[in-house]
Amino acid sequence: MELAERIARRRSSRQGGRVVVDRDHLSPVVHRPEPVGRGPVLEQLLDALEPVFDGELPPPVAVVGPPGSGTSAIVTALFDALNDQFSGSTRSIGTTTRAGSTGPVTWFGTVDGRRVGSPFSFYQAVLSAISNEPVPESGIGTDALRKRLRDRLARPNRRVIVAIDHHDEPETLDAGRARELLAPVDEHVTIVPVGQREPDDWKGTTVSVPAYRDHELVDVITDRASTGLAAGTLDHDTVRDLAAWADGNAHDALAALFGAAVLASEADADRIERNHLEAARADVPETGVHVGRALALSETRQQVLLSLIELDAADRPIREIATAIAGRSSLTAGTVKRFLYELADRGVIERVPLSTSDRGSGRQPSTVRPLFPTVVFRSLAATSVQSADRNDSG
DNA sequence: GATCCACGGGAATACACGGATG
DNA sequence: CATCCGTGTATTCCCGTGGATC
């Protein structure tokens with residue numbers, strides 16, 4: 001990130017309130033470089049990856065944990081750090097050189113399954129992880145990308161360990177498919193599926209991540225708040241309440257914290273008040289989805305969701321909602337309707353049957369409501385649309 | 001070296017049909 | 001039966017890329 005951009009972001013994050021000091025430190029979709037209270041799991045994962053230190057490919061290992069247990073955070077942090085150690089030098093040097101064409105190279109890459117649904121985008125993601133040069137996002141065939149991957153990887157002493165994050169979520173490319181696609185470079189690749197459960201008929205080892213215990217979650221929240229919020233905006237009792245409420249789920253805790261901070265800022269308050277926190281908690285659905293799911297959607301779909309939030313669509317039939325949203329976008333009502341059904345199918349929003357009293361004949365319509373934290377989403381989606389091409393970090 | 005253009009992937013859109021409902 | 005919702009899929013559109021052509 002360039003310095004000017006850093007400053008601009010810092011400025012904009014301070015506008016409209018004295019509560020938030022740094023949004024990134026608070027955001028539930030930004031991972032910390034040093035995960036809090038996860039030492040034992042990190043050690044287990046390092047054990048499983050041990051062969052890497054002898055210049056060999058480790059056997060496959062799955063990382064498994066309940067929602068909000070920090071599986072993504074752990075793998076992201078560890079792989080970033082390992083990457084710095086193993087290929088950092090070639091990375092920072094090689095702007096134009098065909099870096100490291102002689103010596104052994106080991107890469108650690110993370111593929112966000114939420115953003116990868118097709119073979120094309122999978123190859124694109126893997127190649128990006130192991131290349132200094134930008135990899136085309138379109139305008140080229142899938143076969144061409146597969147060939148590039150082979151060219152780059154199928155040589156002695158080239159290794160890549162690929163984490164497939166969220167491999168078991170709907171609509172993402174699962175681990176089995178990933179292995180199929182990597183078959184041409186099989187001997188140079190280890191996959192590390194990361195999710196809530198192991199892939200079907202899993203043959204490798206498994207590292208289990210337990211849900212956070214209350215006091216661990218308190219530490220996580222405190223850590224975020226201490227750098228993300230202005231001093232004195234949150235007292236310790238409130239943190240403890242929040243941790244207890246979130247019941248071991250760091251996503252829910254951070255979503256509520258971030259939401260409360262946004263609401264406090266919007267109210268131009270000096271600190272986070274009880275009502276901000278209550279509203280923010282209420283905005284985190286009990287059986288909802290990670291806000292990252294919504295933020296991984298294409299820009300148009302995010303626009304649709306933003307309109308849906310603004311609209312206050314409760315008790316209105318889908319057809320009507322679609323027309324209203326289409327009115328404030330460049331999309332057709334038919335397309336928006338299509339999107340809404342599709343988003344409901346994916347579990348990002350929920351269809352709620354509408355008990356119609358008015359309409360006479362015909363099938364009864366339903367309405368939709370978001371299943372993700374809307375305050376967090378509208379705050380983060382707004383900025384990611386502005387700088388859409390900059391943020392590629394899941 | 002500059003320009004053109006065919007190609008490919010993915011998003012947007014259209015459309016048709018099955019099913020629920022009065 | 002008429003009507004409208006919900007869904008699967010065919011078709012069209014858009015646009016970046018990279019090789020062909022001049």
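**A first look**

Please keep in mind that this is a predicted model. Chain A contains 16 helices and 7 strands. Of its 394 residues, 47% count as buried. Among contacts in chain A with a separation of 6 or more, 70% are between residues 24 or more positions apart.

The average pLDDT of chain A is 88, and 87% of the residues score at least 70. Among its elements, strand E1 (residues 61-64) has the highest mean pLDDT, 98, while helix H1 (residues 3-14) has the lowest, 62. Over residues 89-101 the pLDDT is below 50, and this stretch has 15 contacts in the model beyond near neighbours in sequence. Residues 386-394 also stay under 50, with 7 contacts beyond four places in sequence.

**Helix H15 and its surroundings**

Helix H15 covers residues 333-346, which makes 14 residues. From its first C-alpha to its last it reaches 20 Å, close to the 20 Å expected at 1.5 Å a residue. Val 336, Phe 339, Leu 340, Leu 343 and Ala 344 are the buried residues to look for in H15. Seen down the helix axis, the buried residues of H15 fall within an arc of 130°, so they line one face of the helix.

What covers the buried residues of H15? The cover includes helix H13 (299-311), helix H14 (318-327) and strand E6 (349-353). Two residues show what this looks like in detail.

Arg 301 lies in helix H13. Its relative accessibility is 17%, so Arg 301 counts as buried. Leaving aside neighbours within four places in sequence, Arg 301 is in contact with Phe 339, Glu 342, Leu 343 and Arg 346.

Ile 318 belongs to helix H14. With 3% relative accessibility, Ile 318 counts as buried. Its contacts beyond four places in sequence are Lys 337, Leu 340, Tyr 341, Arg 351, Ser 366, Thr 367 and Val 368. Ile 318 and Leu 82 are 236 residues apart along the chain, and 48 Å separates their C-alpha atoms.

In soluble globular proteins, nonpolar side chains tend to be buried together. The largest nonpolar core here has 62 residues, of which Leu 217, Leu 229, Ile 272, Leu 305, Ile 349 and Phe 377 touch the most other members. Helix H10 (residues 250-266) gives the most to this core, with 12 residues. Both domain 1 (3-20 + 212-282) and domain 3 (291-372) supply at least three residues to this core.

Which residues does Ile 272 touch, not counting those up to four places away in sequence? They are Val 19, Leu 229, Thr 233, Leu 234, Ala 260, Ala 261, Ala 264 and Leu 277.

Ala 125 is found in helix H5 (residues 119-129). Ala 125 and Glu 137 are 12 residues apart in sequence, and their C-alpha atoms are 9.3 Å apart in space.

**Positive phi away from glycine**

Most residues other than glycine have a negative phi. Glu 171 has a positive value, near 70°, and Asp 268 has one of about 60°. Glu 171 sits in the loop between strand E3 (158-165) and helix H7 (175-181), while Asp 268 lies in the loop between H10 and helix H11 (274-282).

**Accessibility side by side**

The table gathers relative accessible areas for some of the residues in this tour.

| Residue | Relative accessible area | Class |
|---|---|---|
| Ile 318 | 3% | buried |
| Arg 301 | 17% | buried |
| Ala 125 | 18% | buried |
| Asp 268 | 46% | partly exposed |
| Glu 171 | 55% | exposed |

Terms used:
Residues are numbered from 1 along each chain as its sequence is written. Chains are lettered from A and ligands numbered from 1 in the order in which they are written. This is a predicted model: local features need pLDDT of at least 70, side-chain atom pairs count only at pLDDT 80 or more; totals for chains, interfaces and linings use all residues. Side-chain values use heavy atoms; hydrogens and water are left out. A nonpolar core is a set of buried Ala, Val, Leu, Ile, Met, Phe, Trp, Tyr and Cys residues joined through side-chain atoms within 4.5 Å. Buried means under 20% relative accessible area, exposed over 50%, partly exposed in between (1.4 Å probe, protein chains only). Helices (H or I, at least four residues) and strands (E, at least two) are DSSP runs, numbered from the N terminus. Domain bounds come from an automatic or database domain assignment. Contact means heavy atoms within 4.5 Å. The expected span of a helix is 1.5 Å times one less than its number of residues. The arc is that of the directions from the helix axis to the C-beta atoms. pLDDT is the predictor's confidence in each residue, from 0 to 100.
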